[in-house]
Every structure is written in structure tokens, then in C-alpha cells.
Amino acid sequence: MSTEKSAYNPGEVERRWTEYWFDRQVFSVSVDPARPSFSVALPPPNITGNLHLGHALNGTLQDVLIRWKRMQGYNVLWQPGTDHAGISTQMVVERELKKKGITRHELGRERFIEQVWQWRNQYGSQILGQYKRLGVSFAWERMAFTMDESYVRAINRAFCILFHEGYIYRGNRVTNWCPRCLTSLSDLEVAHEETSGHLYRIKYPLADRSGHLTVATTRPESMFGDVAVAVNPADGRFSALVGKTVLMPLTDRPLPVIADRYVDMSFGTGALKITPAHDANDWEVGQRHALPSPVVIDPQGRLLANEHVPPYLQGMERFAARTETVERLRAADLLEAVEDYRHGLGYCERCHTVIEPLLSEQWYVRMAELAEPAIKVVEEERIVFIPERYAATYLDWMRNIRGWCVSRQLWWGHRIPVWTCSGCGKAEAFEEPPARCPSCQGDQLEQDPDVLDTWFSSALWPFATLGWPNETAELKTFYPTTLLSTAREIINLWVARMIFTSLKFVGTIPFKNVLIHPVIQTADGKRMSKSKGNAIDPLTMIDKYGADANRFWFASLGVKGDQDVRFREDRLEEYKRFANKLWHAARFVLGELEGYTPQVIERDSLTLADRWILHRYNRLIGEVHEGLRGYDFHEVCRKFYEFTWDYYCDWYLEIAKIQIQQEGTAGGGQTRRVLHHIFEGLLRALHPIMPFITEELWSRMPRFKLYAALESVMFAPYPREDESYFDDKSEERMSLIIRTIRAIRNIKQTYNVPAGAEAEVLIHGSDELERQCLLTGQEYIKRLARVNPLSITANGQPPETAAWEVVSSSRIYVPLAKLIDIDKSRTKLLQRMEAIDKDLAKVRGILDNPDFRSRAPAEKVEALRAQLADLEGQRSSVESQLKVLESA
């Protein structure tokens, strides 16, 4: 391996291997019927999106499993693609048109959709190019898009099945309406935020002028759509008023006082205005009491010009109308009070416009019957959520599910495949545009102008991308998919809908496991947002630390720990150092293996250190397989880090240098065989997490003939543990030697012995077996702890002025007189003791102050207590050192 560059340069390696992989199309799917299959459908990112940390985290977890299974010999499919993202994409293109002074209505539907396609073709694949930087091994040749012709056919088939079986119907209901996007939204597309507003107490005069009924509301502009005032039948305050009539403030329209158990007696005054066209709950009350549903606010959020709305408010924007209404109520002495009020307000998740509940005609899916089998498969654990607590999130939603509004008043998306005949008025669903009405044979048919909810098309993703409704080879081989990895916020939006649609249309579950990955927050625990300017760009982090360091961090977060994790750039720095450690290890190993032809290990020639590292390596491989099978990514990363850094690099490679020097170069040497066996296997094992550096280093490794023709490490078999190398005795013996070396190093460091200085060491050990072990490893101890001379005996007289530590049954002495200047060391220690005592007095003074303890934040008090404990530990250490020096 070239020694020209001392540090690992991830950017150069990543560019070269990305080009290599794509030039050779190494990610292409090939199917061997004799092999088992493993498949994952990538949650399709929006074409408007850029790669964010959530994408990078989720992509890494999936890629780790895909690469692992590929190396195990499975038929693997990681199905990629993008979502057309109806509302988001239409908003982006409308903004671009606005810059040119054009609206979509001026263009017309057809030309506007052409503009969207042009935008998509130019920018819609940007996020996929960004995914390449992460090193993901998608089946790139199978890239799907939810507006592909084949996908549209699948959507039309699904809609028509539901339509003809009576699950889809058109009806009037109050929906969440966005006056900016001019479309209905499902409950899951509404973001609820605590907002400061007002509660208005309005007087509704009794028709007989005997008094008034006070009603509390947050939306006085909607009162012109009131059709009743409701009270709870159990509320004795209003029992005499039920059946009477009140007058609409400002218009004097008569309204009945009704009784309904929906009314919360503790809210406001206990009397509730009923506005069926502008409140979903009021709509239900209105249906129970056969009340009318006048609409008074239009889709743009303006007060309508009709008989219910006063002329002075007609055409006025809703919030301006609120202000005007309140002023008129105050002038008419009909406003009893205005109170500050905090409440949850719904916002469009796309444009953050306040939602307007609006009565409108929409297409719905009846969900009760469809939900039943989807509930059952999770209850029976045919589909398993990981972490398991998210099964409760899913089941709670499904058990209380309502009709699904699937129509959106947009232009970009899958147009609802329903045509209405102008001749006979019959509406019918068709998979292909009809030429004539099947009922009257008329040829004047008009397609519904609305498009489907984006989540309707996304619900078909795992099977539509495999060719459904056709019975394709891919569908037969890879369906159901093995797992889905996604975010918790779309369990109900997406996961639930994929499950019930798969059960309905394919007759089986869409996946067996659902992994819910964590959410990465800012370093101070806040939600990341581009609009707030606190989002971390993963591409910037890849530029700075390399893709492999980022991937290792993402994998180390796992899925089973904390589901809210804070961004830690120091961890990226740490894992960059880990990659560099691997690189430097390779420099040594490859240097020793230059000209080496791989050979089988001769077990009879193994040293204690060889047996120990082979034991450790094979234990690691077994633990990695177990961890990946159980989706314990965090444990897998911890084990890799521990073995690579601590056992292999810090210990075995240093011991290997000693052994190679002893063996010489003749015959390649047994140590070189062990070096090759473990490092080559370690590169294969690490490849799914760190594909770039392992690909680079494995390409330079001497290989057995079995692997010689492979064009990539990803096609080499994933290593398996060999239990014949398990050797717990070697673990015990090497542990004793390592602890002994560490004890000597600790003593030298404690007394500031120069790093390069050799020290005399005496070891008195009462246990015969442990003494023999230390004698076996004495060359390791001498070289790695810089010891000369070394004496290992059963007992003996403790040397004068010696520091000592106990390791198991042995006492380790390091005489200090020849290593340090005793007088100078004593003076320095006394000076250090004086400084520590000053700091202790200061910290104790603060903590002993009762005012500080009662007023200071808990974390500050805890920090000072930790500082106190650290200072006390430092003082104890200095006292111990001084005690040793007193005998001199």
C-alpha cells in the first residue's frame, strides 16, 4: 500500500468507487430461484425534496441490511423511486410561475401539467443523485415514479375495485380546507400547534326579549352559519331554555336552543353555537337534529355574498371579518367579554395556512371493513413493529378510523378515474377513458376534475412497483417484502394504508417487519427545519467527514434506543478517526502482506495472542450476525468499534510486530497468516456499514483464488463465525497480560515518567498459573509497557520508593528513584495539592450556600457536584503519590 499519504482521504475514494459501481452496474438485480429472497421498498422521497438527515439515517439502515443479505447470497431487491408529491410540487411550480407573473389558471390545466413535468424532469431526480453520495445500493435500473404509466394503471385498477365494491362514495362532509392550496386535507395532513388567540363571549338575545344566552367561541366570523345553540341535557342551568328561540346577533335570525350530550358543560359558558358547515363536530350534531348547513365562508377564506352574511362583511377575508364582527358586536352591546386563550389550531402542513373547516362534496373510502384484517395481522404479529410500542400507535388509529377523504382539488396528481355522463347523469369509474356511457351510450362524458390524495397512490407502493396488477416474476419472488423502515410520523398516513391495500388487492401483508427509525434533532434538542435555518445538510457532513463516518454514526443510533436523538458532530469526528484508524491498520497489514499468497492457518503454530485474537474475531462475527438479525444496529456498531480499535489495532497489531520480528520473513510467517485472515474478514464484515473504505482496502488485499475474480467485496461471502476458534482460556490469559501492561502504563503516567523511558518492573504473583501466563507473555509486557528489566516471582521484598498496583493475585512494583527527580516531583505535587484545595474551597462555598441551592437550575447544581467529586478524586490521587514519595 502506498505510503505517500498518511491520512485517509474519503472524498477521493468515494468518487472513484461510486464511478466504478455505476460503470459496472453492480447493483443490478439478478434472481436465482434456488436462493432465498430479501426485499425492501424505499419510502419514496418527494421530487421536491433534498436529502436530509432523516433520509440519510433511514437509507443507511436499509443499505446495511441489503448489503449484508447480498453478501449472504440472497436474491436482494431494494426498490427505489420518487413520489409525485401533489400539493408540494404544485406549490413549487406555482411559485416559479408567479415570478413570471403567471398563474396556473391563466395557463390552463393541460399546459400547467406540462410545466410540472418539465420541472420534474429538470429537478425531480436531484435527491437520488444526493443518495449516491451516501453509497446506497438501490436497484437503480428499477427506478420508479408514482406518475409512471404502469403505476397509474395500478392506481386506476385499485380505485375501480373499491368503487365497484361500494367502498368509495361521494358525499358532503366538513373537511379540513386550505384556503391557500385550495384543496381538502386529511386529518393527518394538518399540523396542530398551540396558538395564542381569544375567546369571545357573545350574547344571543332570547326571542321573547326576556334575557340572553351567552355563547363562547374562538371564531366569531363563522357565527353567520349558526343554525342552533346547544346545551347539554344534564346541565341544569339551561334546562328551562331548551326548546326556546334565540336571535342571531347582528342579523336577528331565529335559532332554536337544542339539547345534545356532545356539549362540554365545562367549556366557556356551557352553551355552544352550532355551525354545521364550518365545524366537523357541529356537522354531526346537525345531522342528529336534522338541521340545515348554510355555508358562509368560501374556499378562498372570504365571507360569502348570501342571505346569511351581512352585506358589510360579504367578500371580506375571514380574519378581517373577525375583527369587523367583534367591533360591531361591541358597538351593539352584544360582546360580553374577550379573554386571552391558548388553544390548538390546525395549519396546512405544506404552506402553514390556518385550516378552515368547510362543508364540501368529496370522495371518501369507507374504512371500517377494510380496517378489520389490517388490525388482525398486527394483533397476530404477522407484521411486527420495531420498537414494539409503535404497534399500539397503529392499532389505536385503526380501531378508531373514520372514512378517508381521498379527493384533492389540485391539478398535479392522479386524476380521479370517474366520468359523469351529461346525457343520463350516471357517474362511473373506468380504468381507461371511456368512449361511451355504458348506460345510455352517450358520448358526452366528463372526468372528475379532482385528483387523488397522494397517500392513496403511495399506499400501493410496495406492490405496484413490482408490477401489480400483473402477476410478474418480481411480485412472485420479492413479495411480501421483508421489511419497511420509516419514520413514526407516517405510521398512520402511510404504513396503515399500505397494510390494508395490500391485504385487499394482493391478499397478503406488504412486509413482515416495520422498523421505526429515530428522529434527529438539533444539538440542543429542537426539531430541525429549513425554514428555521437549523437543519443540518448531510452532504456538508459527508464532505467534511466522509460517507463512511456518517453511515457508521447513523447505524450506531439504531432503532431500539431513544427515538429522539440529538445531532452530535463530535461523533462524526470520532468515526472519521475510526476510519482513519482502519486505514492506518491497513497500511501496516498490507505492508507486511506484500507479495504474500494467502495460506490456511496452521493451528499448531498459533501463539497465545494469535489464539486470543482469532477467538475475539469469531465471537465478533457471531455477535454481528445476531445483532443484524435482531435489528440491533447500535450493538453491532459498538462491537465493531471495540474489536477494531481496542483489540485488533491497539493490541494485536502491536503484538504482531513483535512476533513478525521474531519469525523473520521466511515462509511468510504464521503471524502474517493471522493478520490476513482477520483483516480480510473484518473488511468483508464491515462492508455493509462502511462500503467505501472497505471496498478500497479489500481491492488491495491478497485474495484466495475463490475470491480472485470478484469485481467487488459486496459479492464476497459475508464471514461466518468458526466455533472451533472459540478459546475462553486464551481470553483469560491475554486479559491478565493486557491488564498488567495497562497497570504499568498507568503508574508511569501517574508519576510523569517520560514516555520513552524504560522502567524496571517487579511482579510478585502468588498464583502459579497466573505467573506462568505472565512469563509466557513477558516479551509482550517488556515491549508494550517499555520494561527493562522485568522480574516475575512468587514473592519478594517490596522495593523502596516504588509505586504499585494489584492485578488479580499479582502485585506490580515500579521503582521510581531512577525514573524521576523525587524532590522536584514532591514539590510539584504539593503545589498541585494547594491549587486543588483552593478550587475545593471555592466549589464547597458555593454548594454550601442555601440560596444558591434553592435558586440555581438543577443542572447547574449537579454540574458543581460533579466538579466537586472530580476535585476530591484528584486530591486523593495526589495524596497517594505523595505517600509513595515520603519513603525516599
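Trainee: In what order do the strands of the open sheet of 4 strands come?

Mentor: The order of that open sheet is S10-S11-S9-S12, and its pairing is mixed; strands here are DSSP runs (E, at least two residues), just as helices are runs of H or I with at least four residues, both numbered from the N terminus, and two strands pair if DSSP finds at least two bridges between them. Keep in mind that this is a predicted model, in which local features need pLDDT of at least 70 and side-chain atom pairs count only at pLDDT 80 or more, whereas totals for chains, interfaces and linings use all residues. Residues are numbered from 1 along each chain as its sequence is written, and side-chain values use heavy atoms, with hydrogens and water left out.

Trainee: OK, which strands stand at the edges there?

Mentor: Strand S10 (245–247) and strand S12 (271–274) do, and each has a single partner strand, so one side of each is left without a neighbour in the sheet. On average, neighbouring strands of this sheet are turned by 35° against each other, direction ignored, where the axes are lines fitted to C-alpha atoms (for helices over the stretch in contact) and angles run from 0 to 180 degrees between N-to-C directions.

Trainee: And how many bridges join S9 to S12?

Mentor: Strand S9 (residues 228–231) is joined to S12 by 4 bridges, and the two run antiparallel; within that pairing, Ala228 has Ile274 in S12 as its bridge partner.

Trainee: What about the open sheet that 3 strands form, what is its order?

Mentor: That sheet has the order S19-S18-S20 with antiparallel pairing, and its edge strands are strand S19 (427–429) and strand S20 (445–447), each of which pairs on one side only. The twist from one strand to the next averages 30°. Strand S18 (residues 418–421) pairs with S19 over 3 bridges in the antiparallel sense, with Thr420 standing opposite Ala427 in S19.

Trainee: Which helix packs on the sheet?

Mentor: Helix H7 (residues 149–164) packs on it and touches S18 and S19, and the direction of H7 makes about 130° with that of S19; touching, or contact, means heavy atoms within 4.5 Å.

Trainee: Switching to helix H11, which of its residues are buried?

Mentor: In helix H11 (residues 390–399) the buried ones are Tyr390, Ala391, Tyr394, Leu395 and Met398, where buried means under 20% relative accessible area, exposed means over 50%, and partly exposed lies in between (1.4 Å probe, protein chains only). Seen down the axis of H11, these buried residues fall within an arc of 140°, so they line one face of the helix; the arc is that of the directions from the helix axis to the C-beta atoms.

Trainee: What covers them?

Mentor: The cover includes helix H10 (368–379), strand S15 (384–386), helix H15 (491–505) and strand S23 (511–516).

Trainee: How many residues does the largest nonpolar core have?

Mentor: It has 158 residues, and those with the most contacts inside it are Ile520, Phe552, Phe640, Tyr648 and Phe679; such a core is a set of buried Ala, Val, Leu, Ile, Met, Phe, Trp, Tyr and Cys residues joined through side-chain atoms within 4.5 Å. Helix H20 gives the most to this core, with 17 residues. A second, separate core of 63 residues includes Phe385, Leu395, Leu503 and Ile516.

Trainee: Now charges: how many salt bridges does the count come to?

Mentor: The count comes to 53, taking a salt bridge as a side-chain nitrogen of Lys or Arg within 4 Å of a carboxyl oxygen of Asp or Glu. One of them joins Glu327 to Arg330, with the closest N and O atoms 2.9 Å apart, and both residues lie in helix H9 (residues 318–331), 3 residues apart, about one turn of the helix. Glu327 is partly exposed at 43% relative accessibility, and Arg330 is partly exposed at 44%.

Trainee: Where do Asp632 and Lys560 lie?

Mentor: Asp632 forms a salt bridge with Lys560, the closest N and O atoms being 3.0 Å apart. Asp632 lies in the loop between helix H19 (608–629) and helix H20 (633–663), and Lys560 in the loop between helix H17 (547–557) and strand S25 (564–566), so the pair ties together parts that are 72 residues apart in sequence.

Trainee: Which residues are linked in a network?

Mentor: Glu12, Arg16, Glu696 and Arg700 are linked in a network of salt bridges.
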